Amino acid sequence: MFTEPPVRPGLADCAPSGRIRLDALARFVQDIAYADADDVGLSRTAAWVVRRTRMRVDRFPRFGERLELVTFCSGLGRMWAERRTTISGDVAGEVEVVSLWVHLDPSSGRPTPLSEAEVAAWGESTAGRRVTARLHHPGPGRAEESFSWRFRATECDLVGHINNTAYLQPLEEELLAGGDGELESIDVEIEYRSPAQPGDK
């Protein structure tokens, strides 16, 4: 289990109501995952990309709160791993995030088996639990309603495609359009079927 010093969200992390946005929460989860790998000396041995994330918000953290982040590896597969992260604020309530990460060779960008060092570092916390990279949701069907969206080049990450946190921005756009002030909780799961590039969607 890995814990970071308390995080204090900034102005750019908040919706107008003061709640922390979903894309900001996803960024915190991404950052602590990297910090955990860095802490055990394994941050440069592989690249990790998110395949699926479920985020259950019992109460949205608010601007000005100091947030405690705790993460651990909760399952391993041949070329992927599951990670659970809890984000707790000053007030009762928290965010639970479960993400499936695919293990990539940093040179080729292709999935590759976990190393012995990685299994040794994170295997104990899994209690032997095995996970698969199988997707849960059916492929998208024909849209009955749609709106245009544009991913920006500034949202690309180190592996050359749109970072997973940016995919939550269209959902945030919908939430804000519906009136953000009364939103206190949400349970959302997103799957990443293929890497997106900048441009109109």
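**Cores and central strands**

The largest nonpolar core of this predicted model holds 24 residues. Leu-22, Leu-25, Phe-28, Met-55, Val-57 and Ile-87 have the most contacts inside it. A nonpolar core here is a set of buried Ala, Val, Leu, Ile, Met, Phe, Trp, Tyr and Cys residues joined through side-chain atoms within 4.5 Å. Buried means under 20% relative accessible area, exposed over 50%, and partly exposed in between, with a 1.4 Å probe and protein chains only.

At least two residues of this core come from each of α1 (22-39), β2 (47-57), β5 (94-104) and β7 (186-191). Helix α1 gives the largest share, eight residues. Helices (H or I, at least four residues) and strands (E, at least two) are DSSP runs numbered from the N terminus.

Now take Met-55. Beyond its neighbours within four places in sequence, Met-55 is in contact (heavy atoms within 4.5 Å) with Leu-22, Leu-25, Ala-26, Val-95, Glu-96, Val-97, Leu-168, Ile-186, Asp-187 and Val-188. A second, separate core has 11 residues, among them Val-50, Trp-149, Tyr-192 and Ala-196.

Next, strand β5. Eight of its 11 residues are buried, so β5 is largely enclosed by the rest of the structure. Strands pair if DSSP finds at least two bridges between them. β5 pairs with β2 in the antiparallel sense over 10 bridges. Val-49 has Val-102 in β5 as its bridge partner. Strand β4 (residues 80-88) also runs antiparallel to β5, joined by nine bridges. There, Thr-86 stands opposite Glu-96 in β5.

Residues are numbered from 1 along each chain as its sequence is written, and side-chain values use heavy atoms, leaving out hydrogens and water. In this predicted model, local features need pLDDT of at least 70 and side-chain atom pairs count only at pLDDT 80 or more, while totals for chains, interfaces and linings use all residues.
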